Amino acid sequence: MRIRGVMALAASAAIVVGACSSSGASTAPSTSAAASAAPTTAGSVAPPSTAASPATVGEGEGALNLIAWAGYVVGGTGGEQVTGYDWVTPFETETGCKVTVKVGLDSGNMVQLMKTGQYDGVSASGDATLRLIAGGDVAPVDFSLIPNYADVFEGLKNQSYNTVNGVGYGVPHGRGANVLMYDPAVVTTAPDSWSVVFAADSPYKGKVTAYNYAIYIADAALYLMKTQPALGITNPYALDKDQLAAAVALLKTQKGLIGKYWGTAQEEIDGFANGDMAVGTAWQYQANTLNAPGGKKVEVVKPKEGATGWSDTWMISSKAAHPNCMYKWMNYIISPKANADVTVYFGEAPVSAAACAEAEKQSPGHCDTFHATDETYFADVYYWNTPTVTCLDGRGDICTDFDAWTQAWTEITGA
């Protein structure tokens, strides 16, 4: 599937946050929109501008259509159905917004779905957020309309993957590292380095797995950044042509070790469960699922080189048919109980101290396990971001964009 890179066009759209009250009067507050502007450099995101926004959100429109990662929208009328878990029904009861979710296959799939205009919002990862902003598919948010945002950890605010020139485009869902997962029955010496999946002489040839998506190039770039400093890589999402070539070479070597790539969480879960996979990059979600009672036991570690990671952002469509419900959802999903529910289930760090307090009630030690308040832990976790021609490390317009990464990934996996 071809993934469109960041285009040289800023987000340009307006949404209306409003509905009719029971008396028929329109509440109709409107959020701001980014003005169209053409940047001077292809592949960069143009600076948006904003207009004044009102202070309230109107009544819900009765429905909410979402695109989300598996495990993010569970329960209710149209969420994923998982026995024993349901954080959507309380939202529906409180707001009257009936939720329907489409589970995204990967970030490219989610970007394409958002372009249809059929969805009100998306839980976008950092390799999709700037593409959505640049394509005009999402709108800026007014944080004054999202009261729970005030309690979000400062380390999750104003991030480069969802903020353009000081204008924010959503609220965080949670965060976590892309960990190294392994089967201790096969990998009997606990690994502490990504070399176990990259070194040509890895003893686990045929049992190694990797995420089947172009953003995985950043994992190779991170490993090279730590092991081959002469390459000059300082940000795994900012690679010039020579640095990209080095990452591609490493990934072609790795392909000789790969038994099977995984594209969805379930593919990796199945691969470890049936023994086809024994070591590779993973989300904590896969480990949690495998380690459920009666399941396959696996271990995870953040290697000494650090890791890539995610801090997904709930973003509102610039064409949202139900903007009030989407604003209500963005406020709800970062509320203490709801955020604890989803982050404990999925296996990631909650977004606030209040959510951590709720998470501790469900899973004692959860926030310590996932380092929710430990910014030192996340200092060497490089959240997914969108590669652009304008280098994210400030070197200028000499870097490779996501189109180039996608072409390289096709070359790697097809070689």
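Predicted model: local features only at pLDDT ≥ 70, side-chain atom pairs only at ≥ 80, totals over all residues.
Trainee: Which tryptophan does Trp 329 touch, not counting residues up to four places away in sequence?

Mentor: Trp 329 is one of the residues with the most contacts inside the largest core. With residues up to four places away in sequence not counted, Trp 329 touches Leu 64, Leu 66, Val 73, Val 88 and Phe 91, and also Trp 314.

Trainee: Is the disulfide of Cys 97 and Cys 325 left-handed or right-handed?

Mentor: The sulfur atoms of Cys 97 and Cys 325 are 2.0 Å apart. This pair links distant parts of the chain, with Cys 97 in the loop between α1 and β2 and Cys 325 in helix α9, 228 residues apart. Because the torsion about the S-S bond is about -85°, the disulfide is left-handed.

Trainee: Is Cys 399 buried or exposed?

Mentor: Cys 399 forms a disulfide with Cys 391, and 105° about the S-S bond makes this link right-handed. Buried means under 20% relative accessible area. Cys 399 has 7% relative accessibility, so this residue counts as buried.

Trainee: What pattern do the disulfides of the chain follow?

Mentor: A search of the whole structure finds three disulfides. One of them joins Cys 356 to Cys 367, and both of these cysteines are buried. With bonded cysteines counted along the chain, the pattern is 1-2, 3-4, 5-6.

Technical notes:
Residues numbered from 1 in each chain as written. Heavy atoms only, no water. Core = buried A, V, L, I, M, F, W, Y, C linked by side-chain atoms within 4.5 Å. Buried < 20%, exposed > 50% of the residue type's maximum accessible area, 1.4 Å probe, protein only. Contact = heavy atoms within 4.5 Å. Disulfide = S-S within 2.5 Å. Helix = DSSP H or I, 4+ residues; strand = E, 2+ residues; numbered from the N terminus.
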